[in-house]
Amino acid sequence: MYDFTIDQSSKTELYRDLHSALDALTDGEPDAVANMANAAALIWQYLPDLNWAGFYRLLDDTLVVGPFLGKPACIRIAIGDGVCGAAAKTRTTQLVEDVHTFPGHIACDAASRSELVVPIVHDGRLIGVLDLDSPSAARFDAADAAGCEALMALLAPRIAS
């Protein structure tokens with residue numbers, strides 16, 4: 001059993017502790033699905049105000065839903081479509097304060113208002129994306145983006161196959 005102490009007094013402390021916890025959860029585990037599942041569960045448990053947290057994996061030039069927590073999700077997303085597809089196409093983090101203003105937004109859950117999508121790249125190869133949704137507008141900020149980018153930098157070699 002894992003029992004992590006996550007300091008939520010500031011985002012700096014929160015993401016530092018999440019990084020340590022994710023390292024402990026995935027260190028030495030070779031299975032990508034297991035590592036993504038634990039990462040999604042960790043993020044879901046400790047990041048407040050989420051209604052979806054999970055992964056889309058790149059398979060045959062399409063993003064395919066991977067381990068997640070939240071309502072059932074869109075199964076396949078074309079590269080370039082929606083927020084996840086934009087992150088995959090540009091390989092840049094997408095921080096969207098109001099998804100209803102994002103051109104081509106894919107509404108898997110009508111309750112989602114804001115979204116943070118971080119591309120996962122290892123050795124120059126796109127592996128997939130981390131997707132976080134919130135029912136609150138402007139839920140995510142630059143500190144969330146930087147924290148999640150650091151988490152994915154740690155995770156990327158542990159889910160690359």
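At what angle do helix α1 and helix α4 pack, and how far apart are their axes? In this predicted model, helix α1 (residues 11-26) and helix α4 (residues 142-159) pack at an angle of about 10°, with their axes 10 Å apart. Angles under 35 degrees count as roughly parallel, so α1 is roughly parallel to α4. Helix α2 (residues 32-46) also packs with α4, at an angle of about 160° and with the axes 9 Å apart.

**Helix α1 with helix α4**

- The crossing between α1 and α4 is right-handed.
- On the α1 side, the contact is made by Lys11, Tyr15, Leu18, His19, Leu22, Asp23 and Thr26.
- On the α4 side, these residues meet Ala143, Asp144, Gly147, Cys148, Ala150, Leu151, Leu154, Leu155 and Arg158.
- Sorted by class, this contact of α1 with α4 holds nine nonpolar, three polar and four charged residues.

**Helix α2 with helix α4**

- Angles over 145 degrees count as roughly antiparallel, and α2 and α4 are therefore roughly antiparallel to each other.
- The crossing of α2 and α4 is right-handed.
- Ala32, Asn35, Met36, Ala39 and Ile43 of α2 meet Leu151, Leu155, Arg158 and Ile159 of α4.
- The contact of α2 with α4 consists of seven nonpolar residues, one polar and one charged.

**Nonpolar cores**

- In soluble globular proteins, nonpolar side chains tend to be buried together.
- The largest nonpolar core here has 33 residues, and those touching the most other members are Leu18, Ile43, Leu47, Phe55, Leu130, Leu132 and Met152.
- Two or more residues of this core come from each of α1, α2, β1 (52-59), β5 (114-122), β6 (125-134) and α4.
- Helix α4 gives the most to this core, with eight residues.
- Leu18 is in contact with Ile6, Leu42, Tyr46, Leu47 and Leu151, leaving aside its neighbours within four places in sequence.
- There is also a second, separate core of 17 residues, and among them are Leu63, Ala73, Leu126 and Val129.

- Asp17 lies in helix α1.
- Is Asp17 buried or exposed? Buried means under 20% relative accessible area, and Asp17 has 12%, so Asp17 is buried.
- Apart from its neighbours within four places in sequence, Asp17 is in contact with Thr5, Ile6 and Asp7.
- Ile6 is in contact with Asp17 and also with Leu18.

Technical notes
Residues numbered from 1 in each chain as written. Predicted model: local features only at pLDDT ≥ 70, side-chain atom pairs only at ≥ 80, totals over all residues. Heavy atoms only, no water. Axes fitted to C-alpha atoms, helices over the stretch in contact; angles between N-to-C directions. Helix = DSSP H or I, 4+ residues; strand = E, 2+ residues; numbered from the N terminus. Parallel < 35°, antiparallel > 145°, perpendicular 65-115°, else oblique. Left-handed = near helix turned anticlockwise from the far one by under 90°. Contact = heavy atoms within 4.5 Å. Nonpolar A, V, L, I, M, F, W, Y, C, P; charged D, E, K, R; others polar. Buried < 20%, exposed > 50% of the residue type's maximum accessible area, 1.4 Å probe, protein only. Core = buried A, V, L, I, M, F, W, Y, C linked by side-chain atoms within 4.5 Å.
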